[in-house]
Amino acid sequence: MRFSRDRRGQSVVVGTVILFGFLILALSLYQVQVVPQENSDIEFEHSQQVEGEFLDIRNAVESASGTGDGRSTSLKLGTRYPQRTFALNPPAASGRLSTTEPRALRIENVTVNDGGNVGAYWSNRTNETATGDTITFDTRSLRYSPGYNEFRDAPDLVYEHSLVIAEFDSSVLGRSGQIAVDSDRNRVRLTALDGTVSESGVRRTSLDPETLSEIERSVRLNSTDGDPIVVELPTDVSMERADSLEQQWRDRLGDDAESVVVAGGTVRIELDGTEGYRLELGKVGLGSDATGTNESDGYITEVSAADGVAVAEVRDRYNNPVEGADVEISVDGTAVETARTDADGRVSYEVGDVSDVEMAINDGSDTWDSVLFENVGAGVPGGGVESLLVAPEEAVAFNGPGSAERGGFQLDIENQHDTQVRITDVTVLPEDPRLNGLSDKADATGPGRAELNVESENGAVGNKEVLLADSEYTFVPNSGLRLNLQSGPEKRAYDTRFEEYIDAETDFSGVEVPLNSGEGATITLAEFYEVGQTGATVADVVGETFSVTVGYKIDGERRTKQFVTTVEVRPAGNVNLQDSIAPSAADFGVFTDQFQSLTTGQVVVENTATDQSVSFESTDGELTEVDSTDVGGLSGGDEITATLYESDAQETELDQDVTVVGGGASAVNSFEVTDRSGNQARFDVDWVVTNDDGNLDSVEIELINENGNTVDTVFNDASGGGASGTDQLRQTGNPPAQTYTVRLTVTDVFGNEVVETREVEYAG
């Protein structure tokens, strides 16, 4: 049998070869076309993720500089591709995060006109440079560079001087706002970045910004000769893209700058030389080898010398307070002790007799290293009994609800006595005699809604209402206007409608305002007018100087403390979260008000239980309804926080409010105190409380003496939607005559509290 002509099986072999060829071709096409496209998509998604994380780093650095809150951040340097069975991947796409070498940031053609050691120190700083009239310090940029295999248009990211730049091959785009220059507030705010970061690879790396010098103080800059003030910022962006970078800065500066030029590795910004600017400086460390600040290249300056106590403050080269600095103290030329500055950079020394007190740092080798307080203790009332009521900061301009001008101001005070004091009255005297009228233009009571409002940190409030008619203005005499929180039914006023002086009725609430040791209070006076024969014009009090004398009682003795303050402008605002939020609520309200020098604020609402948050812009008097799903939903006991920031950069926190989810609000329907005292203090308290959703938990009644000590407490368990009772509070042992505070606290099952107080006089 012959097989040479047998063709059976050839078609199967040929078909198999052809099919295998098609398979090889399909795999090749998949490898060449599909795999690169899928990997490019993965790299693009990573690029978007990195940009958001890079912005988080920027915000954390600015927050560390402005508030001292250096929260931890992280960034995923690169990305990996999914496993493929029949195709090959390139190596994982890595990225690099690094800081540049330090370069000089310069502020040119400036003088610092502050007096004393402040002016002496900064005058020396400007004269240290070859050209003079220049302030310099080193800073760095932070750069992220991706190493993608397929995504060809991915930009490098650069953070410098509060701005994040996306640097492409042919142009740059800004990815954030800038806060370096703000001419609306006449402010230059700069943060020096220090430390070494050099990370590369695919893994996630963490960054913990370290506050080396927190922005707390400022100095006033003026042009040396009226020519523009120059701020020269080093940049790590390639000068091949200088025109594009220049446009990004121009867009963000707007009218804040007269000129912007990018050349030679710098961004040169020229500011109006006829204006004065406040310079705020900070320093933040990233990575390793960051250098902290101390008093060694800073200075010491006088804070106050009143009531027998000399107070000085030590600052670093960024003009911010230094904690833990050694200060040599001498009295009448004799060294007495070495003290260390507190958390506010301050040190104080109390004298018994009238003496000269000198405080020095760094061996007192330079003019600005020592400060001399002459005749400390002179004129102390009461033969040397000092007042430890202090005002840590200058007063801040306040725009009351009834006015379009910043016609009032707020002054924060603090009780540094070791016992409770009670604020009884406030006397105000403007330095400018033209400010001869005071009148609020709003209904109800509260800050800006009464001529005088005093409110403690614990919520105790005293109001003084003088006028109701729009044409009436409380007269401010040359001796000052005293507003008493306890009495005084009439005040002299001027009525522009009838062109005559009248006796105006007065009203007050809250009576005396107690301040425990270490507790602060805010005094609001609103609003000042220039009153003429037939009309009145509200004054802008920014830059005006006022004498504010606070009257108070301590251990039954009356004292006064005078503060002389010049009103400043600082952004301020309140945020109020809906008090009662039910677990079933589809949404809840957030209200912002009392904005001062603030057009819009940024509100961040967070559910700490779900770790989800939502942010939005808000204006003065705006109510925003927040969708509950935006914070991960609501459950009973969830803590919801609303935080108001100055801007979307979230570097300056202005206010915060917290509500615990748990249904309807509690209310105090009745709260009456009856004096049953004889030889001991004894009071009957009748009360009725309710809760909208039946979530009552407890009712606590406390008796608090004038020293702020709780001398008796009655605790009542409660449940459901309502409760009532009569409790007796007492202090035995024949206590002295005084004013007691009775405090009632209603708590629901979720920890929400409602507090009310009553004042009651005990005759002894």
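The structure is a predicted model, in which local features need pLDDT of at least 70, side-chain atom pairs count only at pLDDT 80 or more, and totals for chains, interfaces and linings use all residues. Residues are numbered from 1 along each chain as its sequence is written, and side-chain values use heavy atoms, with hydrogens and water left out.

The pLDDT, the predictor's confidence in each residue from 0 to 100, averages 86 over the protein chain, and 92% of the residues score at least 70. Helices (DSSP runs of H or I, at least four residues) and strands (runs of E, at least two) are numbered from the N terminus.

Strand β7 contains valine 158. This valine 158 is buried, with a relative accessible area of 0%, where buried means under 20% (1.4 Å probe, protein chains only). Leaving aside neighbours within four places in sequence, the contacts of valine 158 include Phe54, Leu142, Ile165 and Val237. Leucine 97 is 61 residues away from valine 158 in sequence, and their C-alpha atoms are 9.8 Å apart.

Helix α2 (residues 116-127) has 12 residues and should span 16 Å at 1.5 Å a residue, which agrees with the 17 Å between its end C-alpha atoms; the expected span is 1.5 Å times one less than the number of residues. Buried residues of α2 include Tyr121, Trp122 and Arg125.

Grid points are joined across faces, edges and corners, and a volume is the space filled by probe spheres set on the points. There are 3 cavities of 30 Å³ or more. The largest cavity holds about 50 Å³, and its lining includes Tyr159, Glu160 and His161. Strands β7 and β11 (187-194) each give two or more residues to this lining.

The second largest pocket has a volume of about 570 Å³. Its lining comprises 22 residues, with Asn458, Gly459, Ala460, Arg743 and Thr757 nearest the centre. The largest share of this lining, 5 residues, comes from β58.

Definitions and conventions:
On a 1 Å grid over the protein atoms alone, a cavity is a set of points where a 1.4 Å probe fits but cannot get out, and a pocket is an open set with protein on both sides within 12 Å along at least five of seven lines; lining residues have an atom within 4 Å of a point. Buried means under 20% relative accessible area, exposed over 50%, partly exposed in between (1.4 Å probe, protein chains only). Contact means heavy atoms within 4.5 Å.
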